[in-house]
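Let's take a walk through this structure together. We will begin with one definition and then move to the ligand site.

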Amino acid sequence: MISKLEGKRVLITAAGQGIGRASVLAFAAAGAIVHATDINQGLLDALPKQDNIKPRKLDVLNGDEVTRVVGEIGQVDVLFNCAGFVHGGTILEMPDADLEFALDLNVRAMIRTIKAVLPGMIERKDGAIINMSSVASSVKGVGNRFAYGVTKAAVLGLTKSVAADFITQGIRCNAICPGTVESPSLEQRMRAGGDYEATRAAFIARQPMGRLGMPEEIADLAVYLAGATYTTGQAYNIDGGWTV
Ligand code: NAD
């Protein structure tokens, strides 16, 4: 069977490591042409060298850069907005600067990339947008994650809004809400706590399946959603049973 994604042009943000990197490999394996973007050139250099993986430096906080890079790529059939950052802390412990940064990276960056790719998608009457949220959002209140929960809930709002506005124009927009997934930044968060083993055990304990998710499992969902032609405006929990 020919893959639905054969020859499709996919733009992925934060593609250098973790879920973004796994998604680059999954989309490439599905036959897509993958524009793998990240702020970190070193991580992009470490991606496999193959014809359908096209690494490109992109800081999604920079609107001009987003516009320029999307213009240079030209056609984007699938946009996977994967960039995001986790701040710890409750509402009382959160510096304004953290919330500002979280809003900029976790929310406004998605708005920037969507605004850049939408006109072309509408013109072709075909486009799939996938936004990275989290179960720590409007799906579930998770302790010590105020700025993160606020911004990942906003991702679900913007996903549904884009889905509703462009549903008749061939555009689909869905969101992914993972539980806790092995990634370099998760490793950092576990080490930052001081007692690595205890922190890791606590993260695993909240996933009823008894293990953390793997980036490849989330990437499989992103590939599915890119080709799932009868779904839009949905938030897909993929969380080891955390929300059961
Ligand atoms: P990660 O946090 O380990 O990697 C993040 C990547 O983003 C890095 O490659 C980094 O260079 C890149 N990046 C940072 N700032 C950038 C910018 N301004 N422009 C472009 N790229 C930038 O990866 P992860 O843990 O797999 O997280 C990816 C996404 O998944 C995030 O949105 C995160 O919130 C979400 N998520 C992760 C988990 C988890 O447990 N790992 C759970 C739920 C949701």
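A polar contact is a pair of N or O atoms within 3.5 Å; within protein, one must be able to donate a hydrogen and the other to accept it, and residues adjacent in sequence count only if both atoms are side-chain atoms. This is a predicted model, in which local features need pLDDT of at least 70 and side-chain atom pairs count only at pLDDT 80 or more, while totals for chains, interfaces and linings use all residues. Residues are numbered from 1 along each chain as its sequence is written, and side-chain values use heavy atoms, with hydrogens and water left out.

Let's start with aspartate 104, which you will find in helix H4 (residues 96-124); helices here are DSSP runs of H or I with at least four residues, numbered from the N terminus. The side chain of aspartate 104 makes a polar contact of 2.5 Å with the side chain of arginine 112.

Now turn to the ligand. Its shell holds 29 residues, and Asp38, Tyr148, Val181, Ser183 and Ser185 come nearest (a residue is near if one of its heavy atoms lies within 4 Å). Oxygen atoms of the ligand lie 2.7 Å from a side-chain N or O atom of tyrosine 148 and 2.8 Å from one of glutamine 17.

How values were computed. Helices (H or I, at least four residues) and strands (E, at least two) are DSSP runs, numbered from the N terminus.
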